[in-house]
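Trainee: Could we go through this structure together? I would like to start with the backbone and then move on to side chains and helix packing.

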Amino acid sequence: MTEALTIGIEEEYQVIDPETRELTGQAGLLMDWATANEPDTTVQREVYQSQIEIATSVCESLAEARTQLVAARRTVLDAAEQAGSAIAAAGTHPFSDWRNQSVTDKTRYQRLVRDYRQIMRDLVIFGCHVHVGISDKEVAVQVLNRSRVWLPVLLALCTNSPYWLGRDTSYASYRTALWSRWPFAGIPFPFQDHQDYQQVLESLVSVGTIRDATKIYWDLRLSEHVPTVEFRFADVCMTVDEAIMVTGLVRALA
(Lines give C-alpha, C1' and ligand atoms only; values in the text may rest on other atoms or scores of the structure.)
Protein backbone atom coordinates (compact mmCIF):
# COMPACT_ATOMS: atom_id res chain seq x y z
CA MET A 1 0.00 0.00 0.00
CA THR A 2 1.55 3.29 -1.12
CA GLU A 3 -1.20 5.81 -0.36
CA ALA A 4 -0.78 8.23 2.54
CA LEU A 5 -2.97 7.33 5.49
CA THR A 6 -4.96 10.47 6.22
CA ILE A 7 -6.66 10.86 9.58
CA GLY A 8 -9.74 12.50 11.03
CA ILE A 9 -11.04 12.71 14.61
CA GLU A 10 -14.57 12.90 16.02
CA GLU A 11 -15.16 13.65 19.70
CA GLU A 12 -18.35 13.73 21.78
CA TYR A 13 -18.44 16.07 24.79
CA GLN A 14 -20.67 16.55 27.80
CA VAL A 15 -22.59 19.82 28.08
CA ILE A 16 -22.81 20.56 31.80
CA ASP A 17 -24.14 23.17 34.18
CA PRO A 18 -21.11 25.16 35.46
CA GLU A 19 -22.53 25.29 39.00
CA THR A 20 -24.00 21.85 39.63
CA ARG A 21 -21.86 19.97 37.06
CA GLU A 22 -24.99 18.10 36.02
CA LEU A 23 -25.58 17.35 32.35
CA THR A 24 -27.73 20.08 30.81
CA GLY A 25 -29.67 20.08 27.55
CA GLN A 26 -28.10 23.17 26.02
CA ALA A 27 -26.54 21.61 22.90
CA GLY A 28 -28.93 23.50 20.62
CA LEU A 29 -27.72 26.85 21.94
CA LEU A 30 -24.12 25.77 21.46
CA MET A 31 -24.88 24.75 17.89
CA ASP A 32 -26.51 28.10 17.14
CA TRP A 33 -23.50 30.05 18.44
CA ALA A 34 -20.92 27.83 16.72
CA THR A 35 -22.75 27.98 13.39
CA ALA A 36 -22.97 31.78 13.53
CA ASN A 37 -19.47 32.48 14.82
CA GLU A 38 -17.25 29.57 13.72
CA PRO A 39 -18.84 28.25 10.51
CA ASP A 40 -15.62 26.51 9.43
CA THR A 41 -15.66 24.25 12.49
CA THR A 42 -17.73 21.08 12.20
CA VAL A 43 -19.95 20.99 15.29
CA GLN A 44 -22.89 18.59 15.36
CA ARG A 45 -25.80 17.53 17.54
CA GLU A 46 -25.79 14.06 19.05
CA VAL A 47 -28.45 11.68 20.37
CA TYR A 48 -29.07 13.65 23.58
CA GLN A 49 -29.44 17.37 24.06
CA SER A 50 -26.67 17.26 26.66
CA GLN A 51 -24.13 16.06 24.06
CA ILE A 52 -22.18 17.95 21.41
CA GLU A 53 -19.85 16.48 18.78
CA ILE A 54 -16.96 17.91 16.77
CA ALA A 55 -15.13 16.54 13.75
CA THR A 56 -11.85 17.60 12.24
CA SER A 57 -11.42 17.72 8.49
CA VAL A 58 -9.13 15.30 6.67
CA CYS A 59 -5.61 15.72 8.08
CA GLU A 60 -2.29 14.69 6.60
CA SER A 61 -0.29 14.70 9.86
CA LEU A 62 -0.68 14.44 13.61
CA ALA A 63 0.44 18.05 13.93
CA GLU A 64 -2.37 19.17 11.65
CA ALA A 65 -4.87 17.01 13.53
CA ARG A 66 -3.74 18.50 16.82
CA THR A 67 -4.14 22.06 15.55
CA GLN A 68 -7.66 21.29 14.32
CA LEU A 69 -8.65 19.48 17.50
CA VAL A 70 -7.48 22.38 19.67
CA ALA A 71 -9.49 24.80 17.52
CA ALA A 72 -12.59 22.61 17.63
CA ARG A 73 -12.42 22.23 21.39
CA ARG A 74 -11.97 25.99 21.74
CA THR A 75 -15.08 26.54 19.63
CA VAL A 76 -17.31 24.37 21.82
CA LEU A 77 -15.81 25.87 24.99
CA ASP A 78 -16.58 29.38 23.73
CA ALA A 79 -20.05 28.32 22.61
CA ALA A 80 -20.76 26.77 26.00
CA GLU A 81 -19.63 29.92 27.79
CA GLN A 82 -21.99 32.02 25.68
CA ALA A 83 -24.84 29.64 26.52
CA GLY A 84 -24.08 29.71 30.24
CA SER A 85 -22.84 26.12 30.16
CA ALA A 86 -19.53 24.31 30.34
CA ILE A 87 -17.86 21.36 28.60
CA ALA A 88 -16.46 18.14 30.08
CA ALA A 89 -14.69 15.23 28.40
CA ALA A 90 -15.23 11.76 29.87
CA GLY A 91 -16.76 8.55 28.56
CA THR A 92 -19.63 8.68 31.06
CA HIS A 93 -20.97 11.38 33.35
CA PRO A 94 -20.14 10.45 36.97
CA PHE A 95 -23.57 11.11 38.47
CA SER A 96 -26.18 12.54 36.06
CA ASP A 97 -29.14 10.21 35.53
CA TRP A 98 -30.00 9.00 32.04
CA ARG A 99 -33.71 9.44 32.90
CA ASN A 100 -33.24 13.21 32.89
CA GLN A 101 -31.73 13.42 29.39
CA SER A 102 -33.87 14.56 26.45
CA VAL A 103 -33.47 13.01 23.01
CA THR A 104 -32.54 15.39 20.20
CA ASP A 105 -35.43 16.13 17.85
CA LYS A 106 -33.97 14.40 14.81
CA THR A 107 -35.60 11.55 12.91
CA ARG A 108 -32.55 9.27 13.08
CA TYR A 109 -32.23 9.58 16.85
CA GLN A 110 -35.95 9.32 17.55
CA ARG A 111 -36.09 6.17 15.43
CA LEU A 112 -33.17 4.63 17.34
CA VAL A 113 -35.06 5.15 20.60
CA ARG A 114 -38.21 3.59 19.12
CA ASP A 115 -36.29 0.61 17.75
CA TYR A 116 -34.06 -0.17 20.73
CA ARG A 117 -36.00 1.28 23.70
CA GLN A 118 -34.21 0.91 27.03
CA ILE A 119 -30.86 -0.06 25.52
CA MET A 120 -30.89 3.30 23.75
CA ARG A 121 -32.40 5.35 26.55
CA ASP A 122 -29.63 4.77 29.08
CA LEU A 123 -26.82 4.94 26.51
CA VAL A 124 -25.62 8.37 27.63
CA ILE A 125 -21.99 7.89 26.68
CA PHE A 126 -19.22 9.89 25.02
CA GLY A 127 -16.64 8.48 22.64
CA CYS A 128 -13.77 9.32 20.35
CA HIS A 129 -13.71 7.96 16.80
CA VAL A 130 -10.63 8.00 14.58
CA HIS A 131 -10.88 7.65 10.80
CA VAL A 132 -7.94 6.41 8.77
CA GLY A 133 -8.19 7.07 5.04
CA ILE A 134 -7.83 3.90 2.94
CA SER A 135 -9.39 3.99 -0.52
CA ASP A 136 -8.78 0.33 -1.44
CA LYS A 137 -11.67 -1.65 0.08
CA GLU A 138 -9.79 -4.93 0.01
CA VAL A 139 -6.89 -3.40 1.91
CA ALA A 140 -9.35 -1.78 4.33
CA VAL A 141 -10.90 -5.17 5.16
CA GLN A 142 -7.47 -6.64 5.85
CA VAL A 143 -6.78 -3.70 8.18
CA LEU A 144 -9.98 -4.67 10.03
CA ASN A 145 -8.80 -8.26 10.28
CA ARG A 146 -5.34 -7.41 11.57
CA SER A 147 -6.30 -4.54 13.87
CA ARG A 148 -9.21 -6.16 15.71
CA VAL A 149 -7.05 -8.11 18.17
CA TRP A 150 -5.31 -4.92 19.33
CA LEU A 151 -8.43 -2.95 20.27
CA PRO A 152 -8.47 -4.05 23.96
CA VAL A 153 -4.85 -2.96 24.33
CA LEU A 154 -5.55 0.43 22.77
CA LEU A 155 -8.65 0.88 24.94
CA ALA A 156 -6.57 0.21 28.06
CA LEU A 157 -4.44 3.25 27.19
CA CYS A 158 -7.35 5.71 27.05
CA THR A 159 -10.08 4.58 29.46
CA ASN A 160 -11.93 7.51 30.97
CA SER A 161 -15.28 6.38 32.41
CA PRO A 162 -15.13 4.60 35.78
CA TYR A 163 -18.23 6.25 37.30
CA TRP A 164 -21.94 5.79 36.63
CA LEU A 165 -24.95 7.12 38.56
CA GLY A 166 -22.74 8.24 41.43
CA ARG A 167 -20.92 4.95 41.87
CA ASP A 168 -17.46 3.64 41.15
CA THR A 169 -18.31 0.81 38.76
CA SER A 170 -14.89 -0.91 39.13
CA TYR A 171 -14.63 -0.70 35.33
CA ALA A 172 -11.97 1.58 33.88
CA SER A 173 -14.28 2.07 30.88
CA TYR A 174 -17.89 1.63 31.90
CA ARG A 175 -18.80 3.28 28.60
CA THR A 176 -17.55 0.07 26.97
CA ALA A 177 -19.73 -2.06 29.25
CA LEU A 178 -22.80 0.01 28.41
CA TRP A 179 -21.99 0.02 24.71
CA SER A 180 -21.46 -3.76 24.61
CA ARG A 181 -25.21 -4.31 25.07
CA TRP A 182 -25.88 -2.63 21.74
CA PRO A 183 -26.65 -4.97 18.81
CA PHE A 184 -23.55 -5.43 16.65
CA ALA A 185 -21.25 -3.58 19.03
CA GLY A 186 -17.84 -4.81 20.07
CA ILE A 187 -15.02 -6.32 18.03
CA PRO A 188 -16.00 -7.53 14.54
CA PHE A 189 -15.24 -11.04 13.42
CA PRO A 190 -12.74 -11.53 10.56
CA PHE A 191 -13.80 -11.37 6.91
CA GLN A 192 -12.41 -13.15 3.88
CA ASP A 193 -12.55 -10.05 1.68
CA HIS A 194 -14.66 -6.96 0.95
CA GLN A 195 -17.34 -9.02 -0.76
CA ASP A 196 -17.72 -11.11 2.39
CA TYR A 197 -17.99 -7.92 4.45
CA GLN A 198 -20.70 -6.53 2.15
CA GLN A 199 -22.64 -9.78 2.12
CA VAL A 200 -22.79 -9.81 5.91
CA LEU A 201 -24.19 -6.27 5.96
CA GLU A 202 -26.66 -6.97 3.17
CA SER A 203 -27.89 -10.11 4.91
CA LEU A 204 -28.49 -8.21 8.15
CA VAL A 205 -30.46 -5.54 6.29
CA SER A 206 -32.46 -8.02 4.21
CA VAL A 207 -33.78 -9.91 7.25
CA GLY A 208 -34.59 -6.70 9.12
CA THR A 209 -31.96 -7.07 11.82
CA ILE A 210 -30.71 -3.56 11.02
CA ARG A 211 -32.36 -0.83 8.96
CA ASP A 212 -29.25 -0.02 6.92
CA ALA A 213 -25.49 -0.51 6.92
CA THR A 214 -24.87 2.59 9.05
CA LYS A 215 -26.50 0.76 11.97
CA ILE A 216 -23.49 -1.53 12.30
CA TYR A 217 -21.77 -0.24 15.44
CA TRP A 218 -18.69 -2.42 15.68
CA ASP A 219 -15.65 -0.91 17.40
CA LEU A 220 -13.96 -1.13 14.02
CA ARG A 221 -15.78 -0.79 10.71
CA LEU A 222 -15.65 0.60 7.20
CA SER A 223 -17.34 3.99 6.98
CA GLU A 224 -20.40 4.07 4.75
CA HIS A 225 -19.89 7.76 3.91
CA VAL A 226 -16.17 8.24 3.35
CA PRO A 227 -13.30 5.92 2.25
CA THR A 228 -11.97 5.25 5.73
CA VAL A 229 -11.56 2.59 8.36
CA GLU A 230 -13.27 3.92 11.48
CA PHE A 231 -11.89 3.02 14.91
CA ARG A 232 -14.73 3.52 17.43
CA PHE A 233 -13.42 1.83 20.58
CA ALA A 234 -12.17 4.79 22.64
CA ASP A 235 -13.67 6.83 25.45
CA VAL A 236 -13.46 10.52 24.67
CA CYS A 237 -10.09 11.65 26.02
CA MET A 238 -9.81 14.33 28.68
CA THR A 239 -6.83 16.04 27.04
CA VAL A 240 -5.81 16.86 23.49
CA ASP A 241 -2.48 15.09 23.92
CA GLU A 242 -4.21 11.83 24.85
CA ALA A 243 -6.51 12.09 21.84
CA ILE A 244 -3.55 12.64 19.52
CA MET A 245 -1.73 9.71 21.11
CA VAL A 246 -4.69 7.45 20.33
CA THR A 247 -4.88 8.82 16.79
CA GLY A 248 -1.19 8.22 16.18
CA LEU A 249 -1.31 4.67 17.49
CA VAL A 250 -4.39 3.89 15.41
CA ARG A 251 -2.79 5.17 12.22
CA ALA A 252 0.42 3.27 13.00
CA LEU A 253 -1.60 0.08 13.52
CA ALA A 254 -3.42 0.59 10.21
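**Backbone, side chains and packing**

Mentor: Let us begin with Arg-117, which is located in the loop between helix 3 (107-116) and helix 4 (118-121). Please keep in mind throughout that this is a predicted model.

Trainee: What is phi of Arg-117 near?

Mentor: Phi of Arg-117 is near 50 degrees, which is a positive value in a residue other than glycine.

Trainee: Is Arg-117 buried or exposed?

Mentor: Arg-117 counts as exposed because its relative accessibility is 57%, and the threshold for that class is over 50%.

Trainee: Which loop holds Arg-21?

Mentor: Arg-21 sits in the loop between strand 1 (7-16) and helix 1 (27-37). Although Arg-21 is not a glycine, it has a positive phi of about 70 degrees. With 44% relative accessibility, Arg-21 counts as partly exposed.

Trainee: Changing topic: how many salt bridges does a search of the whole structure find?

Mentor: The search finds 10 salt bridges. One of them joins the side chains of Arg-175 and Asp-235, at 2.5 Å from N to O.

Trainee: Where do Arg-175 and Asp-235 lie?

Mentor: Arg-175 belongs to helix 7 (residues 174-179) and Asp-235 to strand 11 (residues 228-235), so the pair ties together parts that are 60 residues apart in sequence.

Trainee: And are Arg-175 and Asp-235 buried or exposed?

Mentor: Arg-175 is buried, and Asp-235 is buried as well.

Trainee: What about Lys-215, with which residue does its side chain meet in a salt bridge?

Mentor: The partner of Lys-215 is Asp-212, with 3.1 Å from N to O. Lys-215 counts as buried at 8% relative accessibility, whereas Asp-212 counts as partly exposed at 27%.

Trainee: How far apart are the closest N and O atoms of Asp-97 and Arg-99?

Mentor: They are 2.8 Å apart, and Asp-97 forms a salt bridge with Arg-99. Arg-99 has 53% relative accessibility and counts as exposed.

Trainee: Which residues are linked in a network of salt bridges?

Mentor: Arg-221, Glu-230 and Arg-232 are linked in such a network.

Trainee: On to the rings. How many aromatic pairs does the structure hold?

Mentor: The structure holds 11 aromatic pairs. Among them is the pair of Phe-189 and Trp-218, which is edge-to-face, with 5.9 Å centre to centre and 75 degrees between the planes.

Trainee: Which parts does that pair tie together?

Mentor: Phe-189 lies in the loop between strand 8 (185-186) and helix 8, and Trp-218 lies in strand 9 (residues 217-218), so the pair connects parts that are 29 residues apart in sequence. Phe-189 counts as partly exposed at 42% relative accessibility, while Trp-218 is buried, with a relative accessible area of 3%.

Trainee: Which residues form one aromatic cluster?

Mentor: Tyr-116, Trp-179, Trp-182 and Tyr-217 form one aromatic cluster.

Trainee: Last topic: at what angle do helix 5 and helix 8 pack?

Mentor: Helix 5 (residues 137-147) and helix 8 (residues 194-206) pack at about 75 degrees, and their axes are 8 Å apart. The two helices are therefore roughly perpendicular to each other, a class that covers angles of 65 to 115 degrees.

Trainee: Which residues make the contact?

Mentor: Helix 5 contributes Lys-137, Glu-138, Val-141 and Leu-144, and helix 8 contributes His-194, Gln-195 and Tyr-197. The residues of this contact divide into 3 nonpolar, 2 polar and 2 charged.

Key:
Residues are numbered from 1 along each chain as its sequence is written. This is a predicted model: local features need pLDDT of at least 70, side-chain atom pairs count only at pLDDT 80 or more; totals for chains, interfaces and linings use all residues. Side-chain values use heavy atoms; hydrogens and water are left out. Axes are lines fitted to C-alpha atoms, for helices over the stretch in contact, and angles run from 0 to 180 degrees between N-to-C directions. Helices (H or I, at least four residues) and strands (E, at least two) are DSSP runs, numbered from the N terminus. Angles under 35 degrees count as roughly parallel, over 145 as roughly antiparallel, 65 to 115 as roughly perpendicular and the rest as oblique. Contact means heavy atoms within 4.5 Å. Ala, Val, Leu, Ile, Met, Phe, Trp, Tyr, Cys and Pro count as nonpolar, Asp, Glu, Lys and Arg as charged, and the others, Gly among them, as polar. Rings of Phe, Tyr and Trp (its six-membered ring) pair if their centres lie within 6.5 Å; planes under 30 degrees apart count as stacked, over 60 as edge-to-face and the rest as tilted. Buried means under 20% relative accessible area, exposed over 50%, partly exposed in between (1.4 Å probe, protein chains only). A salt bridge is a side-chain nitrogen of Lys or Arg within 4 Å of a carboxyl oxygen of Asp or Glu.
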